[in-house]
Amino acid sequence: MKHYSHLNLKFFVLALSLVIFIPQAAHPYVAKYKEDYLKLYHVHYAQLPDDCMENIWWLEHAVKADFANPLYAYAKIENEDQWEKYRYLFEMHVNLKLIEQYLRLGRIYDKKCAYFYDAPWKEEYLRNLQKTKSCYEAAYTYWQEAQLWAEKANVTRFRFLTITALQDWEDERERISTGKLNYGSMLDRENARVQKVIDDLTAMKSKDY
């Protein structure tokens with residue numbers, strides 16, 4: 001499996017700086033636990049850059065925060081095995097949502113191919129494509145994390161333990177296990193394509209059309 005570099009820190013800091021000052025008064029409670037931050041994640045209709053970066057902000061905090069008491073879990077937890085699998089599924093799901101948001105953000109700046117008449121604006125396109133590449137590389141990192149958590153939730157002793165209240169998360173785990181959900185292959189293709197567009201634009205001579 002090809003390993004990509006970590007997210008370009010300069011771009012990441014710039015992205016987060018745009019959302020770090022989101023008014024907290026918009027939310028009725030102070031987020032503290034993983035479950036709190038995941039509740040703040042929501043899909044915007046327009047999916048503008050700021051919308052994606054806001055979601056990334058909440059999801060990143062969901063990754064770093066502690067779990068709430070099992071009493072406040074997203075599903076009814078009755079024993080320690082359920083609690084353990086729940087945590088694995090939660091981590092997997094959050095990483096998958098981060099992948100989705102980075103893909104959406106990257107596509108905003110993406111350019112599918114380079115045409116000869118793009119030469120006058122190639123520097124702008126190149127700047128945007130570097131943002132796209134950073135987003136796709138970040139998504140690849142989270143895909144590796146999602147796979148690890150899915151594997152933990154798929155060990156033999158959990159095989160017949162299904163958290164029915166989180167059936168969509170269980171479905172994600174199963175799809176990763178069977179290979180039906182494979183962001184890795186898709187990201188390999190996308191990163192190779194983006195790099196080709198970057199190379200094609202870089203090789204262009206500046207011309208006016």
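What share of the 209 residues in the protein is buried? Buried residues make up 49% of them, where buried means under 20% relative accessible area, exposed over 50% and partly exposed in between, with a 1.4 Å probe and protein chains only. This is a predicted model, in which local features need pLDDT of at least 70, side-chain atom pairs count only at pLDDT 80 or more, and totals for chains, interfaces and linings use all residues. Residues are numbered from 1 along each chain as its sequence is written, and side-chain values use heavy atoms, with hydrogens and water left out.

The protein has seven helices and zero strands; helices (H or I, at least four residues) and strands (E, at least two) are DSSP runs, numbered from the N terminus.

Of the 30 residues of α4, 23 are buried. At the start of α4, a side-chain oxygen of N79 comes to within 3.1 Å of the backbone nitrogen of D81.

E84 forms a salt bridge with R157, with the closest N and O atoms 2.5 Å apart; a salt bridge is a side-chain nitrogen of Lys or Arg within 4 Å of a carboxyl oxygen of Asp or Glu. E84 lies in helix α4 and R157 in the loop between α5 and α6, so the pair ties together parts that are 73 residues apart in sequence. E84 counts as buried because its relative accessibility is 17%, whereas R157, at 48%, is partly exposed. By the salt-bridge rule the count comes to 14. Another of them joins E78 and K76 at 3.5 Å; E78 is exposed at 56% relative accessibility, and K76 is exposed at 67%.

In helix α6 (residues 167–178), W169, E170, E172, R173 and I176 are buried. Seen down the axis of α6, its buried residues fall within an arc of 155 degrees, so they line one face of the helix; the arc is that of the directions from the helix axis to the C-beta atoms. R173, with 9% relative accessibility, forms a salt bridge with E174 at 3.3 Å. Salt bridges that share partners join K85, E170, R173 and E174 into one network.

Y117 is in the loop between α4 (80–109) and α5 (122–152). At 39% relative accessibility, Y117 counts as partly exposed.

Note on methods:
A polar contact is a pair of N or O atoms within 3.5 Å; within protein, one must be able to donate a hydrogen and the other to accept it, and residues adjacent in sequence count only if both atoms are side-chain atoms.
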